Amino acid sequence: MAENDRIRILVVDDEPDNVELLTAYLSYDYDIVPAYSGNEALQILADSEQVYPDLVLMDIMLKDGMDGVEAANQIHIKYEIPVVYITAYADDSIMQRAKLTEPFGYILKPFEESELRTNIGIALYKHKMESKLKESQKWLTAILNNTGDAMIATDKDGLIKFINPFAEALLGRKQMDILGKPLNDVFCVESEEPGVTVDDPVKKVIREGMFYGLANQTLLVTKDDTRVPVDIIGSPIKGENEDVMGILITFCDISDRKRIENLIYSKASESGF
């Protein structure tokens with residue numbers, strides 16, 4: 001946002017009369033930056049020294065070798081500035097391309113000042129909320145990636161949606177290879193005790209809520225078929241209405257703890273205790 005805290009709007013239209021009309025409608029409340037082609041709009045952003053506009057009003061049917069959809073696509077990729085399209089008409093192929101740029105609204109010509117202001121207000125609010133959500137997601141991802149335990153999150157159908165680096169290392173699998181796959185295809189566990197069946201973690205969470213452990217002496221079977229003793233905690237991920245959206249599996253390698261316990265037990269046995 002500009003230093004004077006006024007919202008800046010980049011208006012991109014190859015018709016000077018349209019730019020003048022938009023400026024007349026909006027300049028009382030907003031700082032207007034005019035551009036008369038897609039290339040000029042991109043150049044303005046490149047020269048802005050990171051003081052970017054808060055919103056772009058983009059005419060879809062620009063000339064000068066770059067239409068508004070292509071300009072908006074580059075703005076979306078490079079700057080993540082919300083774009084609202086202004087158009088009098090457009091064929092289906094152009095509108096399909098426009099959707100891929102994830103616009104924050106469409107305003108049809110001819111438009112009323114009130115309609116214009118309403119669409120701008122909605123777009124700015126929507127972008128603000130989406131930015132807050134993305135920031136929260138970044139914080140959450142950073143926390144989960146840097147916690148000391150391995151973690152896997154799934155949806156309610158058991159499809160993997162998230163895995164942190166500790167889980168990747170323990171499973172011997174890469175995130176790109178397992179996202180979207182059923183948890184039971186990747187997270188393979190068995191009991192150290194012969195003949196004991198291990199519960200399905202997704203079904204157990206949905207049935208019982210949070211659990212600690214799937215069986216006595218649980219072993220994780222890694223990609224290379226190594227058996228690793230683990231502690232496992234499963235907990236539900238709930239939505240606003242307390243409906244289960246998925247589950248979170250937290251697990252850790254307890255090999256060192258088991259070795260120490262066995263050593264203590266062995267020494268105690270040798271001493272006759």
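How do the residues of the lining of the second largest pocket divide into nonpolar, polar and charged? They divide into 3 nonpolar, 3 polar and 7 charged. Here Ala, Val, Leu, Ile, Met, Phe, Trp, Tyr, Cys and Pro count as nonpolar, Asp, Glu, Lys and Arg as charged, and the others, Gly among them, as polar.

This is a predicted model: local features need pLDDT of at least 70, side-chain atom pairs count only at pLDDT 80 or more, and totals for chains, interfaces and linings use all residues. Residues are numbered from 1 along each chain as its sequence is written, and side-chain values use heavy atoms, with hydrogens and water left out.

**The pocket**

The second largest pocket has a volume of about 290 Å³. Of its 13 lining residues, Glu80, His127, Glu130, Ser131 and Lys134 are the closest to its centre. Helix H5 (residues 113-146) gives the largest share of the lining, 7 residues. A pocket is an open set of points on a 1 Å grid over the protein atoms alone, where a 1.4 Å probe fits, with protein on both sides within 12 Å along at least five of seven lines; lining residues have an atom within 4 Å of a point. Volume is the space filled by probe spheres set on the points, which are joined across faces, edges and corners.

UniProt, in an unreviewed entry, places "modified residue: 4-aspartylphosphate" at Asp59. Its positions use the numbering here, feature names are shortened, and annotations may be inferred rather than shown by experiment. Aspartate 59 lies in strand S3 (residues 55-59). Valine 69 lies in helix H3 (residues 68-79). Helices (H or I, at least four residues) and strands (E, at least two) are DSSP runs, numbered from the N terminus.

Leaving aside residues up to four places away in sequence, aspartate 59 touches Val12, Asp13, Asp14, Gly68, Ile86, Thr87 and Lys109. Valine 69, with neighbours within four places left out, contacts Ile60, Tyr85, Ile94, Arg97, Ala98 and Thr101. Contact means heavy atoms within 4.5 Å.

Buried means under 20% relative accessible area, exposed over 50%, partly exposed in between (1.4 Å probe, protein chains only).

| Residue | Relative accessibility | Class |
|---|---|---|
| Valine 69 | 3% | buried |
| Aspartate 59 | 7% | buried |
| Cysteine 252 | 27% | partly exposed |
| Cysteine 188 | 28% | partly exposed |

The whole structure has 0 disulfides (pairs of cysteine sulfur atoms within 2.5 Å).
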